[in-house]
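This report examines selected local features of one structural model, from an individual residue to helix packing and the nonpolar core.

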Amino acid sequence: MPRPALLFALSLATAGAGALALESAGRVEAQARNPFLGAPEPGAAEPGPAPAWRNTSWLNSDHPLTLKELRGRVVLLNFWVFTCYNCTNTVPSLVDFDRKYRDQGLTLIGIHTPEFPPYAGEHDKGNVQRALAKHGIEYPNAQDNDNRTWNLYGIRYWPSFVLIDKKGVIRYEGAGEFHLNDGTYDLWDERIRELLAE
Amino acid sequence: MSTAGVRLTGLMAAALLVVACAGPAPPPAELRVETAPIGADTRMTLVAGPDLKINARLKPALELADGTVLRFDSPRLTADSAYFAEPPWAQLAGSRRIRGTLRASVCRVDELVCRSVTLQL
């Protein structure tokens, strides 16, 4: 190939690679901004210490639970809100996990995080209490009305789940509705049993 | 390289540049507000794209600059009463330009999660 044509082709290749890199970076940024892009599949988390929540308003608990006092227990956090159909559809499975594994060392905690400002009623403790009664939820629930714990854990979807081991390390995370004895239920069940056995 | 060959290379290069510089596709316009006069007032309809369902248990809201909150609603829901079966709407007094924050809770049909969407109008 004559030298000018070679230089031309090389400059094109460089420009193309640069543009593709920019496009790729743009996609990452768009993914952070665009709420319509896909939710993650439940999977193994990058192991790291679970951040300490500081919620002060609790239901089904006589005191605000802390991560520190739960050391030695497996903790499953469920980020949910009662106005979310996918969340309430998953509650029977969570109630089942609580029933099966509480005595074996599992603490299930609902982190009730509103989607809308207070005018929608999601912040109201009475409304949350009624939702717990309606769905037969007996495990502790924290009101996360300022979304602080939601943000602390980097949550983006309702419902989401974080499974923490006995040492306070996040081991599994995921999002999305599941049902009693479906594949995703079995996956979470297996993970809970794995951490309980450690 | 012949003249034709140089031209062809140039055309291919130009095509490559067009493709490479196109950048990411813009976010899909999956949620929009359509307005129509209804008497002296304005009817606002929240229209979702075909891949999106609007949560009817948390009715979409338009927060106007004066603090008023309008909620979108429709009597037609899906069988499980979880989603709107037709675009919900709200009525705005007068025909002024709409300015405010729209909030909606939506779910994509191929997913099992809810997500919050906020649009500035």
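## An exposed strand residue

B:Glu34 is exposed because 11 other C-beta atoms lie within 10 Å; a residue counts as exposed at 12 or fewer such atoms, as buried at 20 or more and as partly exposed in between, with C-beta atoms placed from the backbone. The model is predicted: local features need pLDDT of at least 70 and side-chain atom pairs count only at pLDDT 80 or more, while totals for chains, interfaces and linings use all residues. Residues are numbered from 1 along each chain as its sequence is written, and chains are lettered from A and ligands numbered from 1 in the order in which they are written.

B:Glu34 belongs to strand E1 (residues 31-38) of chain B; helices (H or I, at least four residues) and strands (E, at least two) are DSSP runs numbered from the N terminus. Not counting residues up to four places away in sequence, B:Glu34 touches B:Thr45 and B:Val47, contact being defined by C-beta atoms, placed from the backbone, within 7 Å. B:Trp89 is 55 residues from B:Glu34 in sequence, with a C-alpha to C-alpha distance of 9.2 Å.

## Helix H3 of chain A

Helix H3 (residues 125-135) of chain A contains the buried residues A:Val128, A:Ala131 and A:Leu132. Viewed down the axis of H3(A), its buried residues fall within an arc of 100°, so they line one face of the helix; the arc is that of the directions from the helix axis to the C-beta atoms. The face turned away from the buried side carries the exposed A:Gly126, A:Arg130, A:Ala133 and A:Lys134.

The cover over the buried residues of H3(A) includes strands E2 (58-59), E4 (106-112) and E5 (141-143) of chain A. Just after H3(A), A:Gly136 adopts a positive phi of about 70°.

## Helix H5 of chain A

In H5(A), the buried residues are A:Trp188, A:Arg191, A:Ile192 and A:Leu195. They cover an arc of only 100° around the axis, which puts them on the same side of H5(A). On the other side, A:Gly183, A:Asp186, A:Glu190 and A:Ala197 are exposed.

## The nonpolar core

The largest nonpolar core has 61 residues, and those with the most contacts inside it are A:Leu76, A:Leu77, A:Trp158, A:Leu163 and B:Ile54. Such a core is a set of buried Ala, Val, Leu, Ile, Met, Phe, Trp, Tyr and Cys residues joined through C-beta atoms within 7 Å. Beyond its neighbours within four places in sequence, A:Leu163 has contacts that include A:Leu76, A:Arg191, A:Ile192 and A:Leu195.

Definitions and conventions. Two residues are in contact if their C-beta atoms, placed from the backbone, lie within 7 Å.
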